[in-house]
Amino acid sequence: MKAISIQTFGSPDGLAVVDLPVPAPAAGQVLVATEAVGVGGVDTLIRSGALAAYGFEEGHIPGSEVAGTVTAVGDGVDASWIGLRVWAFTGTGGGYVEQAVVPVEQVLPLPGSLSAAAAVTLGSSGAVAHFGLRHAHFAPGETVLVRGAAGSIGIMAVQLAARGGAAAVAVTTSSSERGERLRRLGATHVLDRSGDGGEAAPAGYDVIIDVVAGEDMPSFFDRLNPNGRMVAVGAVAGQPPTDFGTKIMTAFQKSMSFAAFSAATVPPADLSAVRGKQFDAAARGEIEPVVHALLPLDEAVLAHQKMDAGEVFGRIVLTP
(Lines give C-alpha, C1' and ligand atoms only; values in the text may rest on other atoms or scores of the structure.)
Protein backbone atom coordinates (compact mmCIF):
# COMPACT_ATOMS: atom_id res chain seq x y z
CA MET A 1 0.00 0.00 0.00
CA LYS A 2 0.99 3.65 -0.44
CA ALA A 3 2.05 5.63 2.64
CA ILE A 4 3.81 8.90 3.46
CA SER A 5 6.93 8.73 5.59
CA ILE A 6 9.14 11.40 7.16
CA GLN A 7 12.43 10.48 5.57
CA THR A 8 14.26 13.55 6.89
CA PHE A 9 13.22 15.99 9.61
CA GLY A 10 12.98 19.60 8.52
CA SER A 11 11.17 21.03 5.50
CA PRO A 12 8.15 19.40 3.80
CA ASP A 13 10.54 18.03 1.18
CA GLY A 14 11.56 15.47 3.78
CA LEU A 15 8.25 13.67 3.23
CA ALA A 16 8.24 10.83 0.71
CA VAL A 17 5.86 8.25 -0.73
CA VAL A 18 6.77 4.71 0.34
CA ASP A 19 5.30 1.29 -0.33
CA LEU A 20 4.40 -0.83 2.70
CA PRO A 21 2.66 -4.16 3.15
CA VAL A 22 -1.04 -3.93 3.96
CA PRO A 23 -1.18 -4.42 7.73
CA ALA A 24 -3.30 -7.09 9.39
CA PRO A 25 -5.40 -5.97 12.35
CA ALA A 26 -4.22 -7.43 15.64
CA ALA A 27 -6.52 -8.38 18.50
CA GLY A 28 -8.79 -5.46 19.34
CA GLN A 29 -8.04 -3.63 16.10
CA VAL A 30 -9.82 -2.91 12.83
CA LEU A 31 -8.43 -2.25 9.37
CA VAL A 32 -9.78 0.88 7.67
CA ALA A 33 -9.53 1.53 3.93
CA THR A 34 -9.01 5.28 4.10
CA GLU A 35 -11.03 7.75 2.05
CA ALA A 36 -9.78 10.85 3.85
CA VAL A 37 -6.82 11.74 6.07
CA GLY A 38 -6.72 14.92 8.15
CA VAL A 39 -3.57 17.06 8.05
CA GLY A 40 -3.06 18.59 11.50
CA GLY A 41 -0.73 21.15 13.00
CA VAL A 42 0.93 18.48 15.13
CA ASP A 43 1.86 16.65 11.93
CA THR A 44 3.91 19.64 10.79
CA LEU A 45 5.61 19.94 14.18
CA ILE A 46 6.57 16.26 14.12
CA ARG A 47 7.81 16.54 10.53
CA SER A 48 9.93 19.58 11.38
CA GLY A 49 11.77 17.63 14.07
CA ALA A 50 10.54 19.96 16.81
CA LEU A 51 9.17 16.99 18.76
CA ALA A 52 12.08 14.60 18.22
CA ALA A 53 12.88 14.80 21.93
CA TYR A 54 9.54 13.09 22.58
CA GLY A 55 10.61 9.92 20.77
CA PHE A 56 9.64 10.68 17.17
CA GLU A 57 12.19 9.38 14.68
CA GLU A 58 12.80 9.68 10.97
CA GLY A 59 10.77 7.05 9.18
CA HIS A 60 7.67 8.03 11.17
CA ILE A 61 4.33 8.01 9.32
CA PRO A 62 2.38 11.11 10.37
CA GLY A 63 -1.38 11.54 10.64
CA SER A 64 -3.74 11.09 13.57
CA GLU A 65 -7.22 10.77 12.06
CA VAL A 66 -8.72 9.00 9.08
CA ALA A 67 -12.13 8.17 7.72
CA GLY A 68 -13.11 5.30 5.48
CA THR A 69 -14.57 1.81 5.50
CA VAL A 70 -13.70 -1.06 7.82
CA THR A 71 -12.48 -3.99 5.72
CA ALA A 72 -11.23 -6.44 8.37
CA VAL A 73 -11.22 -6.96 12.13
CA GLY A 74 -8.82 -8.58 14.55
CA ASP A 75 -9.53 -11.17 17.21
CA GLY A 76 -12.14 -10.16 19.72
CA VAL A 77 -13.74 -7.52 17.50
CA ASP A 78 -17.34 -7.92 16.36
CA ALA A 79 -17.45 -8.72 12.65
CA SER A 80 -20.41 -6.37 12.24
CA TRP A 81 -17.86 -3.53 11.97
CA ILE A 82 -16.89 -4.80 8.51
CA GLY A 83 -18.41 -2.60 5.82
CA LEU A 84 -19.18 0.35 8.12
CA ARG A 85 -18.07 3.89 7.24
CA VAL A 86 -16.12 5.20 10.22
CA TRP A 87 -13.94 7.94 11.62
CA ALA A 88 -10.83 6.65 13.42
CA PHE A 89 -8.09 8.10 15.61
CA THR A 90 -4.69 6.59 14.86
CA GLY A 91 -2.83 8.34 17.69
CA THR A 92 0.34 10.34 17.11
CA GLY A 93 0.96 8.76 13.70
CA GLY A 94 0.02 6.11 11.21
CA GLY A 95 -2.68 8.04 9.35
CA TYR A 96 -1.03 8.99 6.04
CA VAL A 97 -1.74 5.57 4.55
CA GLU A 98 -4.16 3.79 2.25
CA GLN A 99 -4.95 1.18 4.93
CA ALA A 100 -4.85 2.06 8.63
CA VAL A 101 -5.01 -0.23 11.66
CA VAL A 102 -6.80 1.32 14.62
CA PRO A 103 -7.91 0.13 18.09
CA VAL A 104 -11.64 -0.47 17.90
CA GLU A 105 -12.28 1.83 20.88
CA GLN A 106 -10.92 4.70 18.75
CA VAL A 107 -13.39 4.07 15.92
CA LEU A 108 -16.77 5.75 15.50
CA PRO A 109 -19.50 5.06 12.90
CA LEU A 110 -20.39 8.01 10.68
CA PRO A 111 -23.82 9.35 9.74
CA GLY A 112 -24.61 8.44 6.16
CA SER A 113 -24.80 12.05 5.00
CA LEU A 114 -21.44 13.13 6.49
CA SER A 115 -18.50 13.03 4.09
CA ALA A 116 -15.21 11.43 5.02
CA ALA A 117 -13.48 14.80 4.49
CA ALA A 118 -15.87 16.53 6.89
CA ALA A 119 -15.31 13.79 9.46
CA VAL A 120 -11.52 14.22 9.59
CA THR A 121 -11.95 17.99 9.68
CA LEU A 122 -14.24 17.78 12.69
CA GLY A 123 -13.26 14.63 14.60
CA SER A 124 -10.24 15.85 16.55
CA SER A 125 -10.70 19.62 16.29
CA GLY A 126 -14.31 19.59 17.45
CA ALA A 127 -13.48 17.56 20.53
CA VAL A 128 -10.49 19.76 21.43
CA ALA A 129 -12.63 22.89 21.05
CA HIS A 130 -15.47 21.41 23.12
CA PHE A 131 -13.33 20.20 26.00
CA GLY A 132 -11.03 23.22 25.79
CA LEU A 133 -14.00 25.51 26.42
CA ARG A 134 -15.12 23.23 29.23
CA HIS A 135 -11.60 23.28 30.70
CA ALA A 136 -11.90 27.07 30.72
CA HIS A 137 -15.24 26.82 32.58
CA PHE A 138 -16.89 28.84 29.82
CA ALA A 139 -20.44 29.89 30.66
CA PRO A 140 -23.20 31.56 28.60
CA GLY A 141 -22.96 35.35 28.64
CA GLU A 142 -19.16 35.42 28.89
CA THR A 143 -16.83 37.01 26.36
CA VAL A 144 -14.46 34.75 24.44
CA LEU A 145 -11.35 35.41 22.38
CA VAL A 146 -10.04 32.69 20.06
CA ARG A 147 -6.40 33.29 19.24
CA GLY A 148 -5.45 31.72 15.92
CA ALA A 149 -9.00 31.14 14.78
CA ALA A 150 -8.41 30.22 11.13
CA GLY A 151 -7.34 26.64 11.77
CA SER A 152 -9.75 23.76 12.30
CA ILE A 153 -9.60 23.94 16.13
CA GLY A 154 -10.09 27.70 16.16
CA ILE A 155 -12.98 27.52 13.71
CA MET A 156 -14.74 24.97 15.89
CA ALA A 157 -14.08 26.98 19.06
CA VAL A 158 -15.72 30.00 17.41
CA GLN A 159 -18.79 28.01 16.41
CA LEU A 160 -19.16 26.25 19.76
CA ALA A 161 -18.71 29.45 21.78
CA ALA A 162 -21.31 31.22 19.64
CA ARG A 163 -23.73 28.30 19.94
CA GLY A 164 -23.03 28.17 23.67
CA GLY A 165 -24.35 31.68 24.24
CA ALA A 166 -21.18 33.77 24.40
CA ALA A 167 -21.86 37.50 24.75
CA ALA A 168 -19.06 38.14 22.25
CA VAL A 169 -16.70 35.94 20.24
CA ALA A 170 -13.58 37.80 19.12
CA VAL A 171 -10.94 36.23 16.88
CA THR A 172 -7.38 36.99 15.90
CA THR A 173 -6.53 36.30 12.30
CA SER A 174 -4.19 37.45 9.54
CA SER A 175 -6.56 39.08 7.03
CA SER A 176 -9.90 40.81 6.67
CA GLU A 177 -11.01 38.10 4.24
CA ARG A 178 -10.47 35.43 6.86
CA GLY A 179 -12.16 37.66 9.38
CA GLU A 180 -15.30 37.87 7.27
CA ARG A 181 -15.37 34.10 6.90
CA LEU A 182 -15.08 33.78 10.66
CA ARG A 183 -17.92 36.26 11.13
CA ARG A 184 -20.14 34.00 9.05
CA LEU A 185 -19.24 31.17 11.43
CA GLY A 186 -20.14 33.11 14.57
CA ALA A 187 -17.37 35.61 15.32
CA THR A 188 -18.60 39.04 16.44
CA HIS A 189 -15.27 40.92 16.43
CA VAL A 190 -12.20 40.50 14.20
CA LEU A 191 -8.77 41.48 15.57
CA ASP A 192 -5.29 41.36 14.12
CA ARG A 193 -2.71 38.87 15.29
CA SER A 194 -1.66 41.09 18.18
CA GLY A 195 -5.24 41.26 19.45
CA ASP A 196 -5.86 44.85 18.32
CA GLY A 197 -8.58 46.22 16.05
CA GLY A 198 -12.17 47.27 16.24
CA GLU A 199 -13.28 49.98 18.65
CA ALA A 200 -16.39 47.98 19.49
CA ALA A 201 -14.42 44.92 20.63
CA PRO A 202 -14.58 44.08 24.34
CA ALA A 203 -11.87 45.65 26.46
CA GLY A 204 -11.27 42.29 28.10
CA TYR A 205 -12.28 38.66 27.87
CA ASP A 206 -13.48 36.08 30.34
CA VAL A 207 -12.02 33.21 28.29
CA ILE A 208 -9.16 33.05 25.81
CA ILE A 209 -8.72 29.86 23.79
CA ASP A 210 -5.16 29.93 22.44
CA VAL A 211 -4.16 27.68 19.55
CA VAL A 212 -0.95 29.61 18.87
CA ALA A 213 1.20 29.99 22.04
CA GLY A 214 4.68 31.21 20.96
CA GLU A 215 6.61 34.27 22.06
CA ASP A 216 3.59 36.60 22.02
CA MET A 217 1.35 34.51 24.26
CA PRO A 218 2.09 36.41 27.53
CA SER A 219 0.83 39.70 26.04
CA PHE A 220 -2.67 38.22 25.88
CA PHE A 221 -2.85 37.96 29.67
CA ASP A 222 -3.31 41.74 29.52
CA ARG A 223 -6.61 41.09 27.70
CA LEU A 224 -8.10 38.87 30.39
CA ASN A 225 -10.83 40.23 32.66
CA PRO A 226 -10.57 39.76 36.43
CA ASN A 227 -11.05 36.01 37.05
CA GLY A 228 -10.33 35.44 33.35
CA ARG A 229 -9.05 32.09 32.11
CA MET A 230 -6.66 31.35 29.26
CA VAL A 231 -6.43 27.79 27.97
CA ALA A 232 -3.73 26.77 25.48
CA VAL A 233 -5.04 24.02 23.21
CA GLY A 234 -2.15 24.14 20.76
CA ALA A 235 1.28 25.63 20.11
CA VAL A 236 1.51 26.14 16.37
CA ALA A 237 3.96 29.04 16.93
CA GLY A 238 6.08 27.03 19.36
CA GLN A 239 6.59 27.25 23.10
CA PRO A 240 5.95 30.48 25.02
CA PRO A 241 8.80 32.19 26.92
CA THR A 242 9.89 30.28 29.98
CA ASP A 243 8.90 33.19 32.22
CA PHE A 244 5.40 33.66 30.78
CA GLY A 245 3.82 33.09 34.19
CA THR A 246 5.35 36.33 35.44
CA LYS A 247 2.52 38.23 33.73
CA ILE A 248 -0.05 36.44 35.87
CA MET A 249 1.83 37.07 39.09
CA THR A 250 2.36 40.74 38.24
CA ALA A 251 -1.43 41.10 37.90
CA PHE A 252 -2.03 39.06 41.05
CA GLN A 253 -5.13 41.00 42.13
CA LYS A 254 -6.96 40.10 38.91
CA SER A 255 -7.03 36.39 39.89
CA MET A 256 -6.31 35.28 36.32
CA SER A 257 -5.49 31.68 35.48
CA PHE A 258 -3.73 29.73 32.76
CA ALA A 259 -4.04 26.08 31.79
CA ALA A 260 -2.92 23.78 29.02
CA PHE A 261 -5.38 21.29 27.61
CA SER A 262 -4.82 18.03 25.73
CA ALA A 263 -7.56 15.69 24.61
CA ALA A 264 -5.31 12.85 25.80
CA THR A 265 -6.58 13.57 29.32
CA VAL A 266 -10.23 12.92 28.37
CA PRO A 267 -11.57 9.36 28.76
CA PRO A 268 -12.09 7.73 25.33
CA ALA A 269 -15.79 7.11 26.03
CA ASP A 270 -16.33 10.83 26.72
CA LEU A 271 -14.48 11.79 23.54
CA SER A 272 -16.58 9.35 21.50
CA ALA A 273 -19.81 10.68 22.98
CA VAL A 274 -18.97 14.27 22.06
CA ARG A 275 -17.69 13.34 18.62
CA GLY A 276 -20.84 11.36 17.89
CA LYS A 277 -23.02 14.36 18.80
CA GLN A 278 -20.88 16.68 16.71
CA PHE A 279 -20.95 14.35 13.69
CA ASP A 280 -24.74 14.29 13.93
CA ALA A 281 -24.87 18.08 14.29
CA ALA A 282 -22.65 18.53 11.24
CA ALA A 283 -24.81 16.12 9.25
CA ARG A 284 -27.82 18.29 10.14
CA GLY A 285 -25.95 21.44 9.09
CA GLU A 286 -25.81 22.90 12.61
CA ILE A 287 -22.01 23.17 12.66
CA GLU A 288 -19.69 23.47 9.68
CA PRO A 289 -16.45 21.53 9.23
CA VAL A 290 -14.39 23.79 6.94
CA VAL A 291 -12.28 21.90 4.40
CA HIS A 292 -9.58 24.11 2.89
CA ALA A 293 -8.61 21.69 0.11
CA LEU A 294 -8.66 18.07 -0.95
CA LEU A 295 -5.27 16.82 -2.14
CA PRO A 296 -4.13 13.34 -3.21
CA LEU A 297 -2.17 11.43 -0.59
CA ASP A 298 1.00 11.67 -2.68
CA GLU A 299 0.79 15.48 -2.53
CA ALA A 300 1.47 15.53 1.22
CA VAL A 301 4.52 17.72 0.57
CA LEU A 302 2.28 20.40 -0.95
CA ALA A 303 -0.14 20.09 1.97
CA HIS A 304 2.67 20.70 4.46
CA GLN A 305 4.05 23.58 2.40
CA LYS A 306 0.65 25.26 2.60
CA MET A 307 0.50 24.63 6.34
CA ASP A 308 3.96 26.10 6.88
CA ALA A 309 3.07 29.15 4.77
CA GLY A 310 -0.03 29.87 6.86
CA GLU A 311 -2.29 29.58 3.82
CA VAL A 312 -4.80 27.16 5.30
CA PHE A 313 -8.28 28.16 6.47
CA GLY A 314 -9.81 25.11 8.07
CA ARG A 315 -8.19 21.77 7.29
CA ILE A 316 -6.39 20.20 4.36
CA VAL A 317 -7.56 16.67 3.69
CA LEU A 318 -5.53 14.03 1.88
CA THR A 319 -7.41 11.53 -0.27
CA PRO A 320 -5.73 8.15 -0.85
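Residues are numbered from 1 along each chain as its sequence is written, and side-chain values use heavy atoms, leaving out hydrogens and water. In this predicted model, local features need pLDDT of at least 70 and side-chain atom pairs count only at pLDDT 80 or more, while totals for chains, interfaces and linings use all residues.

Start with the strands. Strands are DSSP runs of E with at least two residues, helices are runs of H or I with at least four, and both are numbered from the N terminus. Strand β11 (residues 205-210) runs parallel to strand β12 (residues 224-232), and five bridges join them. Two strands pair if DSSP finds at least two bridges between them. Ile208 has Met230 in β12 as its bridge partner. β12 also runs parallel to strand β13 (residues 257-260), joined by four bridges. There, Ala232 stands opposite Ala260 in β13.

Now the aromatic rings. The structure holds five aromatic pairs. Rings of Phe, Tyr and Trp (its six-membered ring) pair if their centres lie within 6.5 Å; planes under 30 degrees apart are stacked, over 60 edge-to-face, and the rest tilted. Phe221 and Phe244 are stacked, because their centres are 6.5 Å apart and their planes at 15°. Phe221 sits in the loop between β11 and β12 and Phe244 in the loop between β12 and α5, so the pair ties together parts 23 residues apart in sequence. Phe244 also pairs edge-to-face with Phe258, at 5.0 Å centre to centre and 70° between the planes. Phe258 lies in strand β13, 14 residues from Phe244.

How exposed are these residues? Buried means under 20% relative accessible area, exposed over 50%, partly exposed in between (1.4 Å probe, protein chains only). Phe221 is buried at 1%, and Phe258 is partly exposed at 28%.

Turn to Arg47, in helix α1 (residues 41-48). Arg47 counts as buried because its relative accessibility is 3%. Its side chain makes polar contacts with the side chains of His304, at 3.0 Å, and Asp308, at 2.8 Å. A polar contact is a pair of N or O atoms within 3.5 Å; within protein, one must be able to donate a hydrogen and the other to accept it, and residues adjacent in sequence count only if both atoms are side-chain atoms.

Finish at helix α5 (residues 246-250), which holds Thr250. Thr250 is exposed, with a relative accessible area of 66%. A polar atom of the Thr250 side chain lies 2.8 Å from the backbone oxygen of Thr246.
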